[in-house]
Structure formats: structure tokens, C-alpha cells
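Please look over the sequence and the structure before reading on.

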Amino acid sequence: MDHVAVQEANEALDTIHQISQILDTGLDKETLSILTALCESGVNPEALAAVVRELRREAARLKSEQSKQQAAKASVS
């Protein structure tokens with residue numbers, strides 16, 4: 001990729017990140033870059049959104065379980 005193309009890609013990513021922050025998506029630049037690349041490769045954006053939502057739900061569930069386990073250990077001690 002030439003210098004101009006790299007600069008344009010970085011500017012586009014910066015814009016996407018700014019929009020993401022305004023919408024409070026919680027997605028960082030690296031994640032947005034990956035998602036954008038997947039969309040540009042033909043992956044369905046709605047399917048990606050569904051995967052992101054599912055991963056967030058699973059992460060929240062795991063975090064909740066971990067907190068419960070830590071609380072149980074603390075109450076035993």
C-alpha cells in the first residue's frame with residue numbers, strides 16, 4: 001500500500017472511531033479495524049453485529065459468574 005492509501009485508510013478509521021465513540025459502542029480502534037476489514041471482505045455487517053452482541057453477552061455472563069465465585073470464596077474465608 002502506498003503512503004497516500006495508508007494515510008486515507010488511517011483517516012477513514014479515525015472517522016469510524018469517532019462515530020463509534022459518539023454512538024458509545026465501546027469498540028476500540030483495533031476492533032473497528034478488524035470489523036471494517038471483514039465487511040470489506042464481504043462479511044455481512046448484520047451478522048458481525050450479531051456476533052459482537054453475543055460475545056458481549058457471553059463476556060458479561062462469564063464476568064458475573066467470576067464475581068459470584070469470588071464473593072463465595074470471600075464469604076467462606
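The structure is a predicted model, in which local features need pLDDT of at least 70, side-chain atom pairs count only at pLDDT 80 or more, and totals for chains, interfaces and linings use all residues. Residues are numbered from 1 along each chain as its sequence is written, and side-chain values use heavy atoms, with hydrogens and water left out.

**Overall shape**

The protein chain contains 3 helices and 0 strands; helices (H or I, at least four residues) and strands (E, at least two) are DSSP runs, numbered from the N terminus. The order of the elements from the N terminus is α-α-α. The chain is more spread out than a compact globule, because its radius of gyration of 18 Å is well over the 11 Å that the globule rule gives for 77 residues. That radius is taken over C-alpha atoms, and the rule is 2.2 Å times the number of residues to the power 0.38. The C-alpha trace spans about 60 × 25 × 25 Å along its principal axes. Of the 77 residues, 9% count as buried, that is, under 20% relative accessible area with a 1.4 Å probe, protein chains only.

**Helix 3**

Helix 3 covers residues 45-76, which makes 32 residues, and its first and last C-alpha lie 47 Å apart, close to the expected 46 Å. The expected span is 1.5 Å times one less than the number of residues.

**Pockets**

A pocket is an open set of points on a 1 Å grid over the protein atoms alone, where a 1.4 Å probe fits, with protein on both sides within 12 Å along at least five of seven lines; lining residues have an atom within 4 Å of a point. A volume is the space filled by probe spheres set on the points.

| Pocket | Volume | Main contributor to the lining |
|---|---|---|
| Largest pocket | about 220 Å³ | helix 3, 6 residues |
| Second largest pocket | about 170 Å³ | helix 1, 5 residues |

The lining of the largest pocket includes L27, L32, P45 and R56. Helix 2 (29-40) and helix 3 each give two or more residues to this lining. Among the residues that line the second largest pocket are A9, I16, S33 and E40. Here the elements giving two or more residues are helix 1 (3-22) and helix 2.

How values were computed. Buried means under 20% relative accessible area, exposed over 50%, partly exposed in between (1.4 Å probe, protein chains only).
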